[in-house]
Amino acid sequence: MIDAHIHCHFTKDENSSQIAELKNAMQAQDITRGILYLIDEKDYTDRNFAQDFGDSLIPAIALNPQDPSIDKKLEDVCSHGVKIVKLLPYEQQIFYEDFDAICDYAEKVQKHAMILTICGAYGSKDVYRTNGVELAAAVLQAGFENPLIVAHGGMVRQLDTWSLMCEYPNLYMDISFTIPYWWGSHVIEDLHFVMKQSNYERIFWGSDYPYHSLEEALKYFDRFCKVYGVSPENREKLLYGNFEAFYDAYLTERESL
């Protein structure tokens, strides 16, 4: 299995042990690879992105897109092999009035041949001031052609994400956090609809560990597959095949964007 969405909040001088602990947790669930999203402000200043993560962890980082030093920081993380950067509209307070500036940032990301992930979470007191799916739409419309992943699938806006996927073949989604959190709501039915319409393509399973344990995330995913009659072939696509193809195309040294 491949987990497309993992976190680790590093404690200084304990990085090596924390990485080993994370890898052991993954191995216990037969997870062979995962994207490790570094979303703490100190992940850049403490150089957490520059660690040796081995082959099983793919480092990705959230940077402040409006930082005056963003060009230098993008070059820095690129030079250490980081190929994915993340935007968090709620946490970083990226509001609708900031979207044009974010599109300029996405252009810089593209020039560095990097992949962009936009958090598709939904909520908080700023629920009517920003939205990750709408930000993704703005970035794509502005001409972003590299792979773009909407994390968590857009949550209550799964159908919006699918509508964009119909127009933009470079758009993907991961479904981390969504199934356990929204179980029992229409979001789960919407997600199943999107999976069927997409023929289970361009969708990655993820856990959002440690916000959901690996065990819980897999339990709810199996429950979802059972309730909606997801075939073994399509289950394998979500858990492994789709991301493995993505990895081979965009995250290995032998290919470029």
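This is a predicted model: local features need pLDDT of at least 70, side-chain atom pairs count only at pLDDT 80 or more; totals for chains, interfaces and linings use all residues.
Local features need pLDDT of at least 70, side-chain atom pairs count only at pLDDT 80 or more, and totals for chains, interfaces and linings use all residues. Residues are numbered from 1 along each chain as its sequence is written, and side-chain values use heavy atoms, with hydrogens and water left out.

Searching the whole structure turns up one cavity of 30 Å³ or more, where a cavity is a set of points, on a 1 Å grid over the protein atoms alone, at which a 1.4 Å probe fits but cannot get out. The volume, taken as the space filled by probe spheres set on the points, is about 40 Å³ for the largest cavity. Its lining (residues with an atom within 4 Å of a point) includes Trp205, Ala217 and Phe221.

Two of those lining residues, Trp205 and Phe221, come up again among the rings. There are 13 aromatic pairs (Phe, Tyr and Trp rings, the six-membered one for Trp, with centres within 6.5 Å).

As for disulfides (cysteine sulfur atoms within 2.5 Å), the search finds zero. The sulfur of Cys8 is 18 Å from the closest cysteine sulfur, in Cys119, too far for a bond; Cys8 is also buried, at 11%.

Key
On a 1 Å grid over the protein atoms alone, a cavity is a set of points where a 1.4 Å probe fits but cannot get out, and a pocket is an open set with protein on both sides within 12 Å along at least five of seven lines; lining residues have an atom within 4 Å of a point. Buried means under 20% relative accessible area, exposed over 50%, partly exposed in between (1.4 Å probe, protein chains only). Rings of Phe, Tyr and Trp (its six-membered ring) pair if their centres lie within 6.5 Å; planes under 30 degrees apart count as stacked, over 60 as edge-to-face and the rest as tilted.
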